[in-house]
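Take a look at the model first, and then read on.

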Amino acid sequence: MKITDLVRKNIRDLKPYTSARSLFSGTDAVLLDANENGEDRFGNSLNRYPDPLQRKLKQRISQIKNVPAENIFLGNGSDEAIDLLLRIFCEPGQDEIITCPPTYGMYRVLANIHGTPIREVPLDENFDLRPEAILEAVSERTKLLFICSPNNPTGNAMSGDRMEFLFKNFPGIVVVDEAYGDFVSSGAGHLQGVRHLKTHPNLVVLQTLSKAWALAGARLGMAFASEEILHFFNAVKFPYNVSAPAQEAVLRALESGGVEEMVNEILAERKRLAERLLELPNVLKIYSSDANFLLVKFTDSDVVFQHLRGKKIIVRDRSKELGCEGCLRLTVGTKTENDLLIQMCGRTPVRV
Ligand SMILES: *Cc1c(COP(=O)(O)O)cnc(C)c1O
């Protein structure tokens with residue numbers, strides 16, 4: 001399979017926007033190429049456009065993730081990367097994607113925006129992938145497969161052997177969304193997408209700083225892929241897609257580190273939250289989670305949802321999602337937030 005054959009023709013032929021500044025590396029040049037205001041009026045250098053390729057930040061992320069900088073794309077959240085994948089590979093109204101519900105809602109929303117038909121291949125009764133059924137759903141026009149692992153809203157990671165089977169046999173681009181990958185303990189034997197980039201050039205791995213890294217407000221998503229694929233990402237993206245304040249704030253946050261500590265705390269809280277909720281009479285089931293949230297089946301999720309809302313506790317109602325009847329998705333918060341959640345779930349009137 002050749003990657004370029006999967007790319008839309010107009011994108012293959014695209015002459016991307018070029019910034020004159022990318023021809024020049026170095027400092028103290030007289031910058032009269034971009035119609036900025038030369039005066040740093042607010043003392044924060046925001047009068048200048050940011051680095052379109054976020055080179056400093058990529059260097060740092062390259063070290064942290066142990067992935068060469070050439071294989072990293074940074075965007076305005078990983079949602080930008082999902083949008084770019086559709087723009088690069090799917091001819092609107094014609095090329096298809098495959099998703100595996102219940103899963104992250106943005107795949108569908110973005111596909112709908114692009115007019116991209118979706119073939120849905122539901123997860124099995126354990127919320128795991130059905131590789132054979134996925135391959136059967138492939139048509140001439142199938143371009144992308146979205147695998148979310150750990151999956152939102154179910155919380156579980158997909159089995160590694162099923163994912164590898166799909167990397168090998170899916171005749172298009174396999175997107176592995178690891179937004180919650182930081183919560184999977186390295187010893188657990190789960191598949192780490194970035195370790196498979198070299199052997200599978202059709203793989204795109206998405207990660208984000210919005211969840212474990214406590215930087216949702218910065219809007220910084222990452223895509224890891226072959227240079228061949230990222231060439232098209234860089235050609236199609238908006239030239240200055242990550243703002244200067246975002247680049248700087250993230251660099252500073254990455255220097256101060258501490259993500260392992262935060263993750264460990266969240267995992268301990270997840271365990272405590274699950275144990276406490278299981279003691280409640282209106283909790284039927286808690287699905288095992290590899291993420292920073294719990295999918296919980298209640299005897300009457302509507303009543304719990306409304307009761308919590310009345311107490312100004314906002315959780316996600318997933319009861320209308322395939323296979324998630326009666327379920328709410330609860331983010332593991334701080335200890336104080338979790339205590340409040342446990343208390344209020346316990347005070348919910350139980351319908352008999
Ligand atoms: C939260 C989430 C994202 C989006 O992350 P951003 O980087 O904030 O855009 C992507 N995929 C999944 C599965 C998510 O849950």
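Contact here means that heavy atoms lie within 4.5 Å. With that in hand, 69% of the contacts in the protein chain with a separation of 6 or more are between residues 24 or more positions apart. Please keep in mind that this is a predicted model.

**Overall build**

The protein chain holds 12 helices and 11 strands. Its radius of gyration is 22 Å, close to the 20 Å that the globule rule gives for 352 residues, so the chain is as compact as a globular protein of that length. Along the principal axes, the C-alpha atoms fill a box of roughly 75 × 55 × 35 Å. Of the 352 residues, 51% are buried. The accessible surface of the chain comes to about 17,800 Å², and carbon and sulfur atoms own 50% of that area.

How much space lies in the largest pocket? The answer is about 840 Å³. The largest pocket is lined by 26 residues, and those closest to its centre are Arg21, Arg48, Tyr49, Pro50 and Asp51. Two elements give two or more residues to this lining, namely helix 3 (55-65) and helix 9 (244-256). Helix 9 supplies the largest share, with four residues.

The second largest pocket has a volume of about 720 Å³. Of its 28 lining residues, Lys65, Gly181, Asp182, Val184 and Gln192 lie nearest the centre. The elements that give two or more residues to the lining of this second pocket are helix 3 and helix 10 (259-278). Here the largest share, five residues, comes from helix 10.

The table sets out the classes of the lining residues.

| Pocket | Nonpolar | Polar | Charged |
|---|---|---|---|
| Largest pocket | 10 nonpolar residues | nine polar residues | seven charged residues |
| Second largest pocket | 13 nonpolar residues | 10 polar residues | five charged residues |

Let us begin with a residue in a helix. Serine 62 sits in helix 3, an element that gives two or more residues to the lining of the largest pocket and also to that of the second largest pocket. Is serine 62 buried or exposed? Its relative accessibility is 14%, so serine 62 counts as buried, the cut-off being under 20%. Leaving aside neighbours within four places in sequence, serine 62 is in contact with Val67, Pro68, Ala69 and Ile72.

Next comes a loop residue. Glycine 193 is found between strand 5 (173-177) and strand 6 (203-208), in the loop that joins them. Its relative accessible area is 0%, so glycine 193 is buried. Which residues does glycine 193 touch, not counting those up to four places away in sequence? They are Glu178, Leu203 and Val205. Valine 204 is 11 residues away from glycine 193 along the chain, and their C-alpha atoms are separated by 8.1 Å.

Cysteine 327 belongs to strand 11 (residues 327-331) and is buried, with a relative accessible area of 0%. Not counting residues up to four places away in sequence, cysteine 327 touches Tyr287, Leu295, Val296, Lys297, Ser301, Asp317, Arg318 and Ser319. Glutamate 260 lies 67 residues from cysteine 327 in sequence, and the two are 29 Å apart in space, C-alpha to C-alpha.

Conventions:
Residues numbered from 1 in each chain as written. Predicted model: local features only at pLDDT ≥ 70, side-chain atom pairs only at ≥ 80, totals over all residues. Heavy atoms only, no water. 1 Å grid on protein atoms, 1.4 Å probe; cavity = no way out; pocket = protein on both sides within 12 Å on 5 of 7 lines; lining within 4 Å. Points joined across faces, edges and corners; volume = space filled by probe spheres on them. Nonpolar A, V, L, I, M, F, W, Y, C, P; charged D, E, K, R; others polar. Rg over C-alpha atoms; globule rule 2.2 N^0.38 Å. Buried < 20%, exposed > 50% of the residue type's maximum accessible area, 1.4 Å probe, protein only. Areas by Shrake-Rupley, 256 points an atom, 1.4 Å probe, with all protein chains shown as cover.
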